[in-house]
Amino acid sequence: MKMTSDQIKSGNERAPHRSLLFACGLKRGDMKKPFIGICNSYESFVPGHCHLNKVGEIVKQAVIEAGGVPMEFNTIAVCDGIAMAHAGMKYSLPSRELIADSVESVARAHCFDALICIPNCDKIVPGMLLGALRVNVPTVFCSGGPMAPGKHPKTGQDTDLNSVFEAVGAQNVGKISQKELESVEETSCPGCGSCSGMFTANSMNCLYEALGLALPGNGTILAVDPKRVDFWKRSAKRAVALAKAGGPRPRDLVTRDALDNALTLDMAMGGSTNTVLHTLAIAREADVDFTLKRMNEISAATPYLCKLAPSGHYHVSDLDRAGGIMGVLKRVQACLPKNAPFLHLDAPTVSGKTLGAQIRAAKISDADVIRPLANAYSRDGGLCVLWGNLATRGAVVKKGGVAPSMMTFTGKAICFNSQEEACAGILGGKVKPGHVVVIRYEGPKGGPGMQEMLAPTSYIIGAGLGESVALITDGRFSGATHGACVGHVSPEAAEGGLIGLLKNGDEITIDIPKRAISAKLTAKEIAARAKKAKKWTPRIKGGWLERYAQFVGNASTGASLKA
């Protein structure tokens, strides 16, 4: 079988190419083997990635043992937690595009026969897949694994990064002391791995099991669990096997059926709202018609069976113990009618087995972590899309993280034109019960970069306002966010969306059961405000973000760069 790598290693005219490869340590016999690109995202200062240099060595050795030639390269990785609540967060979502471009560039320039992607944190996971879809050689994802939860120094309860953000809010209003805050920050992130709740990184790594791009365990086996080493080795060997077989390739796997499966899982476990943004971008890159409307249809049909932090008290380690992602899907399958339109058991996976075969092999060991339908958190999914005059192109809410008392909420707008303004306002006591906090000009174009809003949402929760204050934004949220928080409001303020025309005191209604969000304003009043509104001007001049703001698309289509 002709290999992609033959373009750089076969024939006399490729002697110069082989000479350069020999300089890197390859031997004559290696030219008959498949070249396996290992896309690593190691960085020494990002908890989810600080161990990936060691993972790369394990994967390289496994590739050699399987008869392939490992060729490792790196992408960047932005830690959303460290970038949070300052200008650095503007670079987080845009980094997804840089990662995609770098994967495409290196893989095409060096003609790999297959790819092994070693991501872990938020934008790295979808960024690598966007690039892999463009290159379309057999690809296996094997993440670095989730972090173990921390332990609260007083109560002994599990903690995580979100616990630290909320402790900041609690300390600010005198609920805990400075010493208690310091104790929480020192114990909540105990070691390497992606943050331990069902935040964005873990949500995406779990979804890739349902997409068929990763072996079972990708999203849930802890980074420090010895089982993870075996997982990395098996993933590497599968990549070599797929290279020798010529597929399946990413575009064979990322189909409408596979996206249905992934979103069904997402709704059943109430993943991060960012999964919506990334899934739309992945669908666009794969040329699959997949919309917010279809996501709502999947949400309406899928029960919410597995509630992890920040919405619940369990963590990803508990899910792994209870049966993992295939266990969740096994429970979902049992809940749905046989002709359910959104769970496709015959979908292929990189394991060589169908998704259905993997589900049948799963065992569920804890019926509270992965609940049956009779004990479901709700009969519909943990995420949903809202529509109305404030979001004619949709807005997203993690329904599973909203208190029952806040499912329907009407309040008065208090408007902030940046995340920084909002944080200062919340910590300064400006936000009161009955308010709807409006954070605008933080969308993909307006931010630019669509900052995550973990800091303001956590300050609201920490201040004890979680059941009396709602928040809406054209920006987005961390997977650690919970509460009545509506993000991805589209069109964004910078596009002339109504969110940019709101004034303090305007009445806003959020009705999650009816999937609605609206401002109590007449069409005449909206038109009058729009006529008086100043034209948006970009906040940043020069550098990568100016170009990003010029070319980025709407959140309702995944905030992808326009071709």
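Visitor: By relative accessibility, how does Glu 180 count: buried, exposed or partly exposed?
Guide: This is a predicted model in which local features need pLDDT of at least 70 and side-chain atom pairs count only at pLDDT 80 or more, while totals for chains, interfaces and linings use all residues. Residues are numbered from 1 along each chain as its sequence is written, and side-chain values use heavy atoms, without hydrogens or water. Buried means under 20% relative accessible area and exposed over 50%, with partly exposed in between (1.4 Å probe, protein chains only). Because the relative accessibility of Glu 180 is 23%, Glu 180 counts as partly exposed.

Visitor: Which helix holds Glu 180?
Guide: Helices (H or I, at least four residues) and strands (E, at least two) are DSSP runs numbered from the N terminus. Glu 180 falls within residues 178–187, the span of helix 8.

Visitor: What separation is found between the C-alpha atoms of Glu 180 and His 152?
Guide: Along the chain, Glu 180 and His 152 are 28 residues apart. Between their C-alpha atoms, the separation is 9.8 Å.

Visitor: In what order do the four strands form the open sheet?
Guide: The pairing in this sheet is parallel, where two strands pair if DSSP finds at least two bridges between them. Strand 2 (69–74) and strand 4 (139–141) are the edge strands, each pairing on one side only. The order is 2-1-3-4.

Visitor: Which residue of strand 3 is the bridge partner of Ile 38?
Guide: Strand 1 (residues 35–40) pairs with strand 3 (residues 114–118) in the parallel sense, over five bridges. In strand 3, the partner of Ile 38 is Ile 116.
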